[in-house]
Amino acid sequence: MKWNDLKAHADDLAQRHLAELFQDDAQRFQRLHRKVGPLLLDLSKQRLNGDTLDRLTALADASDLRGWIDRMFAGEPINCTENRAAMHWALRAPEDSSVATPEVLAAVHGELARMARIVDKLHAGQWRGFTGEVITDVVNIGVGGSDLGPLMVSRALEDFAAPTPQGLQVHFVSSMDGSQVAHLLRQLRPQTTLFIISSKSFTTVDTLYNAETARTWMQRALGEDEAVVRCHFLAVSSAQEKVAAWGIAEENRLQLWDWVGGRYSLWSAIGLPAALRIGMDRFRELLAGAHFMDEHFRTAAWQDNLPVLMALVGVWNTNLLNIHGHAILPYDGRLKYLPSYLEQLEMESNGKSVTRDGDPVTTRTCPILWGDVGPNAQHAFYQLLHQGTEPVTCDFIAPALRYHEDVHTDAARELVRQHELALANCLAQSRLLALGEAALPEGEQMPFYKRYRGNQPSTTLMMDELTPYSLGAMLAAYEHKVFAQAVMWQINPFDQWGVEMGKKIATDTLAALRDGEAVSMDASTEGLLAFIRKPNT
């Protein structure tokens, strides 16, 4: 019944242009923005009104969102297909918190303490390789959540990079075709390189092949002494026995738990590369920002709850306005990898077509996410946003302040002016998308080929400034948005069986490719295999 009520309301609002909604309500921004901690969420450029939010919050209640939030934070096995809890929130809970059990908190903070010792040792130049030389380069080998999260945070918080006497550098390898790792290894010295193998299951083919390449490279240079692996390899995994079998020394193994999904694992030891980049104190600030958002999500009323409002607006656009593309547009080059990170978070979590009860879904679920740094995207795909035929919703993301600590030099003032230019473009693009020709100076007439229809909805999410704390709060807000939407769509956001099946089929196909024998597959795959075996015939 709630869906029917929302559909009728959406049909009524469909006759209204965003320009008209702004013209009719001078207080629209005041009514439709929320400030929570370091974040400001502006929903005034969405095609909705206060009545819409009332109806959407009724849908949240009808979906038992409060009950599902309580079950998640109680550690119940809400990942129903794997009979597991989803307790990534416990990774950022303070040691004296009452939100998780003492046993869980002791395990989490024990691993954080081990991370801190590793970070301190590397930062102090006390980690020596097999030949006694100081480690100068750390390479994270992972894929998916074991790569995207640490990579994104390392780039986003580059202004907070911790100085080290040896100039420690952190690198990332994820591609399975070998080109990425081969290119990187040509730039490094085995004697001064340390590898982190990040894999929850320690069975991911992409990661293990790259790890084997790294070990072979290392042993060719330094020999096959067991001490070579002990001095030059760490691992983060829930499969500790597999890590041991690979040869990783016990003191170099960091623990992950089965109640942490890969795309939610940034906050664990998977985040070690980011901690190496910014230092452990800053990493703990990242965790604190996320915990702040956890508590807000867990306790705030729907009308003031940032992740819930983000989720409700996404449901409104996807299911009631039939908009199935969503662009992530950060206006800060440090957030270059945020679109890729959110693509995995949302599409791997909510790209589902079966309910928790095993029935086909009756509504659309996750939209297609894509994006880029805003100033680059303006010269790539904004033409489609402004004048194309496909409606797209957008998240504009930016820090309000940057380079504000010292503006007494010409160079500093120039950096401030550049940041102001980025902000001006962020605000101008969202305004033009919303208002169309109403955003132009009054009386200005445009030829038909320059006309802007506007009425493209967008959300603006601003941070006071980009810090570890504000980044942690923002990322946790997106995590909880995804969960809240999954509740309303009645799907499980914590499994990824489509990904798992793809891995299995790839393994079978690899065997067929290497054996060179005729296999019974579809005609296309058989034809392509034949070409790969004899490409010049």
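Leu475 is in contact (heavy atoms within 4.5 Å) with Met152, Val153, Leu266, Trp267, Leu338 and Tyr341, leaving aside its neighbours within four places in sequence. This is a predicted model, in which local features need pLDDT of at least 70 and side-chain atom pairs count only at pLDDT 80 or more, while totals for chains, interfaces and linings use all residues. Residues are numbered from 1 along each chain as its sequence is written, and side-chain values use heavy atoms, with hydrogens and water left out.

Leu475 also belongs to the largest nonpolar core, which has 116 residues. A nonpolar core is a set of buried Ala, Val, Leu, Ile, Met, Phe, Trp, Tyr and Cys residues joined through side-chain atoms within 4.5 Å. Buried means under 20% relative accessible area, exposed over 50%, and partly exposed in between, with a 1.4 Å probe and protein chains only. Trp259, Leu471, Met474 and Leu475 have the most contacts inside this core. Helix H19 (residues 468-489) gives the most to the core, with 14 residues. Helices (H or I, at least four residues) and strands (E, at least two) are DSSP runs, numbered from the N terminus. At least three residues of the core come from each of domain 1 (3-10 + 25-74 + 300-439 + 450-495) and domain 2 (88-282), with bounds from an automatic or database domain assignment.

## A second core and the rings

A second, separate core of 24 residues includes Ala214, Trp217, Val243 and Ile248. Trp217 is also part of a cluster linked by ring pairs, together with Phe195, Phe233 and Trp246. Rings of Phe, Tyr and Trp (its six-membered ring) pair if their centres lie within 6.5 Å; planes under 30 degrees apart count as stacked, over 60 as edge-to-face and the rest as tilted. The count comes to 12 aromatic pairs.

Two charged ends sit over rings (NZ of Lys or CZ of Arg within 6 Å of the ring centre and within 35 degrees of the ring normal). That of Arg92 is 4.7 Å from the centre of the Trp267 ring, and that of Lys121 is 5.0 Å from the centre of the Trp127 ring.

Met488 lies in helix H19 and is buried, with a relative accessible area of 3%. Not counting residues up to four places away in sequence, Met488 touches Trp3, Leu59, Ala60, Ser63, Ala311, Leu312 and Val315.

Thr204 lies in the loop between strand E5 (193-198) and helix H9 (205-222). Thr204 is buried, at 10% relative accessible area.
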